[in-house]
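Subject: The structure I promised you

Hi,

Here is the structure we talked about, with my notes below. Have a look at it first, then read on.

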Amino acid sequence: MEKILMTIDEIKDLKNAFEADGSQAMGVYLTKAQATELRHELHLYYGFDNGENLTTLFGMEVMDIDAESFKID
């Protein structure tokens with residue numbers, strides 16, 4: 001079963017795992033719920049809201065904020 005919500009640290013860990021074999025993570029796809037929770041977490045960390053559209057996470061372009069499932073490519 002896929003984990004629906006993730007923290008920023010969990011996404012960073014998944015990116016690092018993806019890149020462990022020398023691959024480079026270029027894009028990330030987030031579900032609507034994940035994007036909403038990450039936006040909230042970023043607001044708690046930094047004290048302001050950049051708006052609905054996330055642009056990058058750990059050097060990966062946010063390709064979709066309404067994807068069917070989480071994916072790094």
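Leaving aside its neighbours within four places in sequence, which residues is Thr31 in contact with? Before the answer, two notes on the model. It is a predicted one, so local features need pLDDT of at least 70 and side-chain atom pairs count only at pLDDT 80 or more, while totals for chains, interfaces and linings use all residues. Residues are numbered from 1 along each chain as its sequence is written, and side-chain values use heavy atoms, with hydrogens and water left out.

Now Thr31: its contacts (heavy atoms within 4.5 Å) are Ile4, Ile65, Asp66, Ala67, Glu68, Ser69 and Phe70. Thr31 lies in the loop between β1 and α2; helices (H or I, at least four residues) and strands (E, at least two) are DSSP runs, numbered from the N terminus. With 12% relative accessibility, Thr31 counts as buried, since buried means under 20% relative accessible area, exposed over 50%, and partly exposed in between (1.4 Å probe, protein chains only).

On to the sheet. Strands of a sheet pair through backbone hydrogen bonds, either parallel or antiparallel. Here, four strands make an open sheet in the order β2-β3-β1-β4, with mixed pairing. Its edge strands are β2 and β4 (71-72), each pairing on one side only. (Two strands pair if DSSP finds at least two bridges between them.) The pairings look like this:

- β1 and β3 are parallel, over three bridges, and Tyr29 stands opposite Asp64 in β3.
- β1 (residues 27-29) and β4 run antiparallel, joined by two bridges; Val28 has Ile72 in β4 as its bridge partner.
- β2 and β3 also have two bridges and run antiparallel, with Thr56 opposite Glu61 in β3.

The hairpin of β2 and β3 has two residues between the strands, and there Phe58 takes a positive phi near 55°. That is a positive value in a residue other than glycine. Phe58 is partly exposed, at 32% relative accessible area.

What about the inside? In soluble globular proteins, nonpolar side chains tend to be buried together. The largest nonpolar core in this model has 15 residues, and Ile11, Val28, Leu30, Leu38, Leu57, Val62 and Phe70 have the most contacts inside it. Such a core is a set of buried Ala, Val, Leu, Ile, Met, Phe, Trp, Tyr and Cys residues joined through side-chain atoms within 4.5 Å. Leu38 touches, among others, Met6, Ile11, Leu54 and Leu57, not counting residues up to four places away in sequence.

Finally, the charges. Side chains of opposite charge can pair when their charged atoms come close. Counting a salt bridge as a side-chain nitrogen of Lys or Arg within 4 Å of a carboxyl oxygen of Asp or Glu, I get two. In one, Asp49 meets Arg39, with the closest N and O atoms 2.6 Å apart. This pair links distant parts of the chain, ten residues apart: Asp49 is in the loop between α2 and β2, and Arg39 is in helix α2. Asp49 is partly exposed at 40% relative accessible area, and so is Arg39 at 29%. The other joins Lys15 and Glu19 (3.1 Å, N to O). Lys15 is buried, with a relative accessible area of 12%, whereas Glu19 is partly exposed at 23%.

Cheers
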